[in-house]
Amino acid sequence: MDYKGTRRLSVAPMLDWTDRHYRYMARQITRHTWLYTEMINAGAVIHGDPVRFLLKDECENPVALQLGGSEPADLAKAAAKAAAYGYDEINLNCGCPSPRVQKGAFGACLMNEPLLVADCLNAMQDAAPDCSITVKHRIGVDRQTDYQVVADFVGTLHERTACTTYIVHARNAWLDGLSPKENREIPPLKYDYVYRLKQEFPHLEIIINGGITTNQQISEHLQHVDGVMVGREAYHNPMLMRDWDKLFYGSDTEGISHAELVTKLQTYAAAQISTGRGTILRHMARHYLGLMHGLKGARTWRRILSDAEMLKPNNPALLAEAWEHVSKANFENER
Ligand SMILES: Cc1cc2nc3c(=O)[nH]c(=O)nc-3n(C[C@H](O)[C@H](O)[C@H](O)COP(=O)(O)O)c2cc1C
């Protein structure tokens, strides 16, 4: 089977992390992995600065915009706008546990309101008929620990909408007493619930997410579900994605080298700074800190690229300077 153009692998939506600069870097490392934006409130998409909330690079596709909201009319407007910017998919967040989001009655609390979610998804699909409309959710909220909770949620949406893609963060969201960070660590992972969803709804695309950090684990999950979404590891160790096209999409293209990537990022940074939109080197360099993970000199790379004084002149050649330290420590003989 040709997996290209599918969500076999994806990078999770992460607030403050998966902005367009991160996504550009990720796309240089993997051609086929599906990328997600940070969650953006429907209101911000409708009324906010499009450069900040919607702008993306042509090379990013396939890419999904994740929306936060619970008003079908607003979500429809936001979806139409996102479609016009060239997003392939629009995803509704039903998994975020933050108190700010709970106040707005969206995110994970929407798992308690599947009928409203169905209205939202239908409104989004009508407004953006050429985009896939998908949902990302948990396996339950608070102390609902029964498999049937998530099965009913997916079952209701399947019955009432055209949504065929379900991204499941395989743990509960505890809305009371845990911070968002704790909510990604403390509620136990139940991968078997997600596998069971795939068995019960074999014609739906079921994507598993949560705590997945190695290619070995990815391969194992792919025996049971259609796709794997990786969050934190893809951010802290982006070069993990270098083998994904080969391993999981059947591509025969060699993965990019660190040296090539640094050159590309330097060219990108120079172009971004020169647009005059206020982009500075730090906006990009902060996403590059994990690139040398596992190599000698990684600490020096991180230190240089997070040094406020060194970043201040906004000179993209700082990337080459930082790379020189890593390169010397690791690849001296190859040069
Ligand atoms: C910094 C950060 C921000 C996040 N922001 C979002 C978000 O905007 N929307 C969302 O659905 N999930 C968000 N998440 C959750 C991730 O998408 C993912 O579900 C979670 O991290 C579990 O996957 P992982 O164990 O592979 O990291 C965020 C996670 C992190 C670490």
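How many residues of the shell around the ligand are nonpolar, how many polar and how many charged?

1. The shell divides into nine nonpolar, eight polar and five charged residues, where Ala, Val, Leu, Ile, Met, Phe, Trp, Tyr, Cys and Pro count as nonpolar, Asp, Glu, Lys and Arg as charged, and the others, Gly among them, as polar. The ligand is surrounded by 22 residues, of which the closest are Ala12, Met14, Met39, Gly231 and Arg232; a residue is near a molecule if its C-beta atom, placed from the backbone, lies within 6 Å of it. Strand 2 (34-41) and helix 10 (232-236) are the elements that give two or more residues to this shell.

2. A word on the model: it is predicted, so that local features need pLDDT of at least 70 and side-chain atom pairs count only at pLDDT 80 or more, while totals for chains, interfaces and linings use all residues. Residues are numbered from 1 along each chain as its sequence is written, and helices (H or I, at least four residues) and strands (E, at least two) are DSSP runs, numbered from the N terminus.

3. In the unreviewed UniProt entry, the annotation "active site" covers Cys96; such positions are given in the numbering used here, feature names are shortened, and annotations may be inferred rather than shown by experiment. Cys96 lies in the loop between strand 4 (89-94) and helix 5 (99-103), and it counts as buried because 25 C-beta neighbours lie inside 10 Å. The cut-offs are 20 or more other C-beta atoms within 10 Å for buried, 12 or fewer for exposed, and partly exposed in between, with C-beta atoms placed from the backbone.

4. Leaving aside residues up to four places away in sequence, Cys96 touches Met39, Gly68, Val101, Gly107 and Ala108, contact being C-beta atoms, placed from the backbone, within 7 Å.

5. Helix 12 (residues 258-274) has buried residues Leu261, Val262, Leu265 and Ala269. Seen down the axis of helix 12, these fall within an arc of 95°, so they line one face of the helix; the arc is that of the directions from the helix axis to the C-beta atoms. Glu260, Thr267, Ala271 and Ser274 are exposed on the other side of helix 12, whereas its buried residues pack against helix 1 (20-29), helix 13 and helix 16 (317-331).

6. Arg282 belongs to helix 13 (residues 281-285) and is partly exposed, because 14 other C-beta atoms lie within 10 Å. Arg282 and His21 are 261 residues apart in sequence and 11 Å apart in space, C-alpha to C-alpha.

Methods. Contact = placed C-beta atoms within 7 Å.
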